[in-house]
Amino acid sequence: MISAPAKLATRDLDLFYGDFQALQKVNLEIPSLSVTAFIGPSGCGKTTLLKTFNRMIDLVEGCRITGEVLLDGEDIYHSMDTNFLRKRVGMVFQKPNPFPMSIFDNIAYGPRTHGVRRHSELEEIVERSLRNTALFDEVKDRLRHNALSLSGGQQQRLCIARALAVEPEILLMDEPTSALDPASTARIEELVCTLSEHYSIVIVTHNMQQAARISAQTAFFLLGEVVEYGPTTQIFSDPHDSRTLDYVAGRFG
């Protein structure tokens, strides 16, 4: 269905919270260097699946997974160190969550955790990460200021820069613009499209127009299942499943 090589893939993935099954037989292939959107009503499993990709879901008590999640063909739940995985697979959350420290230290935090100590190297990483998110020119004179002094849109770009600082291969984004104004949303969308030239991006969104604007392929979720997955243009113009058509037309959810 998706012709590009798979960067991430799931094989018969089931996920349970206690006795409740949140994901059912999810089979997806997510290509490299592209934007993949997850759409569907609240509670349908989009964010749950996103969190399986870097094992953030491990932090949820009572969670149990069967099946496989593959990164470049390697099962991340059986043969990969979690810290190494999270270096390769970064995540940006719905609400901007900068650490209560300086802009510089927010970006340097991850590289320091992974052993970078030389200040000159950290300076290079901070500048590169901020430039990659089109934020450097806005904050270059106040890198030692508290990151919480930034606007909401700047804070979210800072969080993206923080994720990029450890040089991941994949960027997971959980409704990254839902708390932002239209102008900031447009900046983030433009940034996502630019970053997809160098990173594989998976974005959860409730904004149908956003998915249509920025993604190359879209998966529609309903009640823990992937109802339909394919090129975004096809999902929005000629879906194969009537439930997908109802959702993108705004008739439920």
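This is a predicted model: local features need pLDDT of at least 70, side-chain atom pairs count only at pLDDT 80 or more; totals for chains, interfaces and linings use all residues.
View 1. Strand β6 contributes four residues to the lining of the largest pocket, the most of any element. At least two residues each come from α2 (82–88), β6 (89–92), α3 (103–113) and α6 (152–164). The pocket holds about 570 Å³ of space. Its lining has 20 residues, and those closest to the pocket centre are Arg86, Met91, Phe99, Gly110 and Val166. Sorted by class, the lining comprises 10 nonpolar, seven polar and three charged residues.

**View 2. The six-stranded open sheet.** Pairing in this sheet is mixed, and the strand order reads β6-β7-β8-β3-β9-β10. Strands β6 and β10 (225–231) form the edges, each pairing on one side only. On average, and with direction ignored, neighbouring strands are turned by 15° against each other. Helix α6 packs on the sheet, where it touches β6 and β7 (170–174). The direction of α6 makes about 170° with that of β6.

**View 3. Pairing of β3 with β9.** Strand β3 (residues 35–39) and strand β9 (residues 217–222) run parallel and are joined by four bridges. Within this pair, Ala37 is placed opposite Thr218 of β9.

View 4. Apart from neighbours within four places in sequence, the contacts of Gln155 are Pro96, Pro98, Ala147, Leu148 and Leu150.

Technical notes:
Residues are numbered from 1 along each chain as its sequence is written. Side-chain values use heavy atoms; hydrogens and water are left out. On a 1 Å grid over the protein atoms alone, a cavity is a set of points where a 1.4 Å probe fits but cannot get out, and a pocket is an open set with protein on both sides within 12 Å along at least five of seven lines; lining residues have an atom within 4 Å of a point. Grid points are joined across faces, edges and corners, and a volume is the space filled by probe spheres set on the points. Ala, Val, Leu, Ile, Met, Phe, Trp, Tyr, Cys and Pro count as nonpolar, Asp, Glu, Lys and Arg as charged, and the others, Gly among them, as polar. Contact means heavy atoms within 4.5 Å. Two strands pair if DSSP finds at least two bridges between them. Axes are lines fitted to C-alpha atoms, for helices over the stretch in contact, and angles run from 0 to 180 degrees between N-to-C directions.
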